[in-house]
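Notebook open, structure loaded. I went through a few local features one at a time and jotted down what I found.

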Amino acid sequence: MANTTSELETLLMQRSLTDPELLAAAEKAADYRILPEATVIKIGGQSVIDRGRSGVYPLVEEIVAVRKAHKLLIGTGAGTRARHLYSIAAGLNLPAGVLSQLGASVASQNAEMLGQLLAKHGISTVSNAGLSAVPLYLAEVNAVVFSGMPPYGLWVRPAADTVIPPYRTDAGCFLVAEQFGTKAMIFVKDENGLYTENPKTSKNATFIPKISVDEMKAKGLHDSILEFPMLDLLKSAKHVREVQVINGLVAGNLTRALAGEHVGTIITAS
């Protein structure tokens, strides 16, 4: 096995990129976290932003308060408007790549609106290549807003049984957290966390404070609060090995979660 940079380079030049020895050598490099003190927060589109003033204003006030002590990357979901677009586009028999672009446009609209509400506090919205400036924004104002939809566009990997893009804003925000090596990933929804059934429609729904990805799949809960592919991303992640799902409509929940309290549901990679 290679244990030096030169040996790894030799393998890279001589072997296939799927060669087992090359992959094992590449894995020996120490993990490097780019933004280890930051936290990614995903603000749900349908669960929070679509509620308008009643859902967004209190959360904006809380974000402004907590960013004094925390570095925040704030991602936005797409929500109801994206679902409407998906319905029309799927009915027109358009492919998943086109639907991905449409969903991205709505998530970007939500990011722009949230950014405008936070503008007077010096918090800006960035997109795509602008993510390279995230460290500067965090250094200056401790927060930045971005669209949660991953920019796969036409290159999104289609799901096996539907044209709905499998990697949407939950996955996009998690990928930002993992690639930057942030210390935490918090999903802000309109429920207290994960339940055994949909609490909006079932009186028998039981709250689950903590669960692993494998346990969620075994119980058939893998697509009940977060996008299914996001759980696979969590399972294979190196830096972010758990995520937290909280109710952002309850004042103080975000503040408590950022402080390390067990609010809502924690989903672990293993």
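Predicted model: local features only at pLDDT ≥ 70, side-chain atom pairs only at ≥ 80, totals over all residues.

Aromatic pairs went first. I counted rings of Phe, Tyr and Trp (its six-membered ring) as paired if their centres lie within 6.5 Å, with planes under 30 degrees apart called stacked, over 60 edge-to-face and the rest tilted. By this rule I get two aromatic pairs. One is Tyr 152 with Tyr 167, edge-to-face at 5.9 Å centre to centre and 85° between the planes. Tyr 152 and Tyr 167 are 15 residues apart, and each sits in the loop between β4 and α7. Helices (H or I, at least four residues) and strands (E, at least two) are DSSP runs here, numbered from the N terminus. I looked up exposure too: buried is under 20% relative accessible area, exposed over 50%, partly exposed in between (1.4 Å probe, protein chains only). Tyr 152 comes out partly exposed at 31%.

The rings of Tyr 195 and Phe 207 have centres 5.5 Å apart and planes at 65°, so I filed this pair as edge-to-face. Tyr 195 belongs to strand β6 (residues 194-195) and Phe 207 to strand β7 (residues 207-208), 12 residues apart. Tyr 195 is buried with a relative accessible area of 13%, while Phe 207 is partly exposed at 31%.

Residues are numbered from 1 along each chain as its sequence is written, and side-chain values use heavy atoms, with hydrogens and water left out.

Next, α4. I took the expected span of a helix as 1.5 Å times one less than its number of residues. Which residues of α4 are buried? I found Ala 82, Tyr 86 and Ala 89. Down the axis of α4 the buried residues fall within an arc of 75° (taken from the directions from the helix axis to the C-beta atoms), so they line one face of the helix. On the face turned away from the buried side, I noted Arg 83, His 84, Ser 87 and Gly 91 as exposed. The cover over the buried residues of α4 includes α5 (96-118).

I then checked phi. Asn 93 has a positive phi near 65° without being a glycine. Asn 93 lies in the loop between α4 and α5 and is exposed at 68% relative accessibility. Asn 142, also not a glycine, has a positive phi near 70°. Asn 142 sits in the loop between α6 (134-141) and β4 (143-147), and at 15% it counts as buried.

On to α7 (residues 169-180). Its 12 residues reach 17 Å from first C-alpha to last, close to the 16 Å expected. I have 11 of the 12 residues of α7 down as buried, among them Asp 170, Cys 173, Glu 178 and Phe 180. Just after α7, Gly 181 takes a positive phi of about 65°.

Last entry: Asn 253, in helix α10 (residues 253-258). Asn 253 is buried at 7% relative accessible area. What does Asn 253 touch, leaving aside neighbours within four places in sequence? With contact meaning heavy atoms within 4.5 Å, I listed Glu 62, Ile 246, Asn 247 and Val 263.
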